[in-house]
Amino acid sequence: MKLNGVPATLVIPLYYRAVESRDIAEDVRIFDDIHSEQAMSKIDYDATHLSDKKMWTTQVAIAVRTALLDQETVNWLKINSGKECQIINLGAGLCTRHLRLEDQIGKNVNWIDLDLDEVIELRKKIVNVERCQQISGSVLDDIWMEGVEMNIPTLFIAEGLFMYFPHEAVRKILGGFADKFKNATYLFEILGWSFEGETQNVEALDDFEGTSIDFSPVNISTWLSENVSRVKYIKHENIQSHYHKRWRHYRFLMKVLPSLKDKFSNRIVLAGSSL
Ligand SMILES: C[S@@+](CC[C@H](N)C(=O)[O-])C[C@H]1O[C@@H](n2cnc3c(N)ncnc32)[C@H](O)[C@@H]1O
């Protein structure tokens, strides 16, 4: 199957999760993920560009973002322990989070993966999705929501997704969820704000024509209050504030100039809305 544009980018996080699990020394490894290793081995993909030594920061960034999103997901599961609730994984790609966290996802949790039709078809072949509901559709419209429960606690996860959309699209997506879902939590990733509109500086995207970084505002708290005021900012974590050893010399630079973090490195944002 040949994927183009943004759907093709699903290989990037899968590849680097597999590298983290397979190639990084145990004493500094951030997580094990045999499921990503297995999925990567089933894909016919020339990863020469991604395996270049100079791509180490992207590899660490993806490992850290994965770990932070896993941790926040576990926190949310604990808060909702025993309640009927759901997790909606937007732009799921070949994400293996439900498998990494399988011991912590109770029967009370419905896990839904949403992605474009061709990706969901690929996902069903490559990843074990037995316990998850797979929905084909675009997050840019709400046709996919037909039949989705809106009155139970819902966690939306958007990993490696919103940054490819214009501001207006993200405003509509979050505003639409806040209008419909009674109790929603949002966990999404944005890049450092210097990358907004600067695709040529995002080396991991060099091989992916038709992709550009649009959404990575300077101050996400202000952006939310000015654009989707029903969605309340809770916090954001900068990936460079975690797993210091792995950031090599960058950790010294960021210690001296902490204000550079949000400019140059990915942020994981937590927000919420209720009706
Ligand atoms: C960089 S990949 C991230 C995949 C996954 N979240 C992960 O971290 O492994 C981006 C994903 O977003 C999906 N995507 C892009 N546009 C979309 C849309 N309009 N609706 C739903 N998914 C979309 C792509 O197909 C792709 O699987």
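These legends walk through several views of one predicted model.

**Figure 1**
The chain holds 11 helices and seven strands. Along the principal axes, its C-alpha atoms fill a box of roughly 45 × 40 × 35 Å. How does the radius of gyration fit with a compact globule? For 275 residues, such a globule would come near 19 Å, and the chain has 18 Å, which agrees. Of the 275 residues, 42% are buried. Take the contacts between residues at least 6 apart in sequence: 74% of them join residues at least 24 apart.

Is helix 2 largely enclosed or largely open? Because 11 of its 13 residues are buried, helix 2 is largely enclosed by the rest of the structure. You can follow the buried residues from Val11, Ile12, Pro13 and Leu14, through Tyr15, Tyr16, Arg17 and Ala18, to Val19, Glu20 and Ser21.

**Figure 1. Where helix 2 meets helix 5.**
The axes of helix 2 and helix 5 are 9 Å apart, and the two helices pack at an angle of about 85°. Angles from 65 to 115 degrees count as roughly perpendicular, so helix 2 is roughly perpendicular to helix 5. On the helix 2 side, the contact is made by Pro13, Tyr16, Arg17, Val19 and Glu20. Their partners on helix 5 are Thr58, Gln59, Ile62, Ala63 and Thr66. Look back at the previous view, and you will find Pro13 and Tyr16 among the buried residues of helix 2.

**Figure 2. Inside the largest nonpolar core.**
In soluble globular proteins, nonpolar side chains tend to be buried together. The largest nonpolar core of this model has 68 residues. Which of them touch the most other members? They are Phe156 and Phe162. Helix 5 (residues 56-79) gives this core its largest share, eight residues. Zooming in on Phe162, and leaving aside neighbours within four places in sequence, we find contacts with Val170, Phe188, Ile190 and Phe215.

**Figure 3. Leu270 in strand 7.**
Leu270 sits in strand 7, which runs over residues 267-274. Leu270 and Glu189 are 81 residues apart along the chain, and 9.1 Å separates their C-alpha atoms.

**Figure 4. Two positive phi values in one loop.**
Most residues other than glycine have a negative phi. Tyr243 is not a glycine, but its phi is positive, at about 55°. Where is Tyr243 found? It belongs to the loop between strand 6 (232-238) and helix 10 (250-256). Arg248 is also found in the loop between strand 6 and helix 10. Its phi is positive too, near 45°, and Arg248 is a residue other than glycine. Arg248 has 12 C-beta neighbours inside 10 Å, so it counts as exposed.

How values were computed
Residues numbered from 1 in each chain as written. Predicted model: local features only at pLDDT ≥ 70, side-chain atom pairs only at ≥ 80, totals over all residues. Helix = DSSP H or I, 4+ residues; strand = E, 2+ residues; numbered from the N terminus. Rg over C-alpha atoms; globule rule 2.2 N^0.38 Å. Buried ≥ 20, exposed ≤ 12 C-beta atoms within 10 Å, placed from the backbone. Contact = placed C-beta atoms within 7 Å. Core = buried A, V, L, I, M, F, W, Y, C linked by C-beta atoms within 7 Å. Axes fitted to C-alpha atoms, helices over the stretch in contact; angles between N-to-C directions. Parallel < 35°, antiparallel > 145°, perpendicular 65-115°, else oblique.
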